[in-house]
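Student: Could you show me how to read salt bridges and helix geometry from coordinates?
Tutor: Let us look at the structure together and take one feature at a time.

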Amino acid sequence: MFWFLLLTMVVVVTVVTLAVVGGGGSTVLQDVPPERFTDPLPATRPVGRADVEALRLPMALRGYRMVDVDEALSRLGAELAERDARIAELESTLAGAQAAAVTTGTDLFKPPGDRPAEPGDRADGPARTEEDGR
């Protein structure tokens, strides 16, 4: 009985090995061309959150292909550096405008066209007249 089980196990292992490796005339595993990274990150506009969420990198033998990951990360790093520079530029412009407003005494948050407050104006709105009908 022992010899029968051992012989059966050897035959099964041999058949499975030949089927997987491709021996015996039938090919179970076919050669598949490797996945190629197609950059879904837009080149004509800034990268958005949806673009990053849609980013799918092709798998390799042990994870992801380093070249594809490096390419995507360098693109995202460049976008972030550009945004940081733009934010710094806008903040410095705002700081300059605030400093100029302080020296001239103007209110930056008042819409243009509003007249400056007169000393006789009431804080709760314009003064009522008899024509308003109370």
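Student: With which residue does Arg75 form a salt bridge, and how far apart are the closest N and O atoms?

Tutor: Keep in mind that this is a predicted model. Arg75 forms a salt bridge with Glu79, and the closest N and O atoms are 3.3 Å apart.

Student: Where do Arg75 and Glu79 lie?

Tutor: The general idea is that an α-helix has 3.6 residues a turn, so residues three or four places apart point the same way. Here, Arg75 and Glu79 both lie in helix α3, four residues apart, which is about one turn of the helix, and both of them are buried.

Student: Which other residues of α3 are buried?

Tutor: Besides Arg75 and Glu79, the buried residues of α3 are Asp68, Ala72, Leu76 and Ala101, and what covers the buried residues of this helix includes α2 (49-54). Asp68 counts as buried because its relative accessible area is 6%, and Asp68 also forms a salt bridge with Arg65, with the closest N and O atoms 3.5 Å apart.

Student: What span should helix α3 have, and how far apart are its end C-alpha atoms?

Tutor: At 1.5 Å a residue, the 39 residues of α3 (residues 66-104) should span 57 Å, and the end C-alpha atoms are 56 Å apart, which agrees.

Technical notes: Residues numbered from 1 in each chain as written. Predicted model: local features only at pLDDT ≥ 70, side-chain atom pairs only at ≥ 80, totals over all residues. Heavy atoms only, no water. Helix = DSSP H or I, 4+ residues; strand = E, 2+ residues; numbered from the N terminus. Expected span 1.5 Å × (residues − 1). Buried < 20%, exposed > 50% of the residue type's maximum accessible area, 1.4 Å probe, protein only. Contact = heavy atoms within 4.5 Å. Salt bridge = Lys/Arg side-chain N within 4 Å of Asp/Glu carboxyl O.
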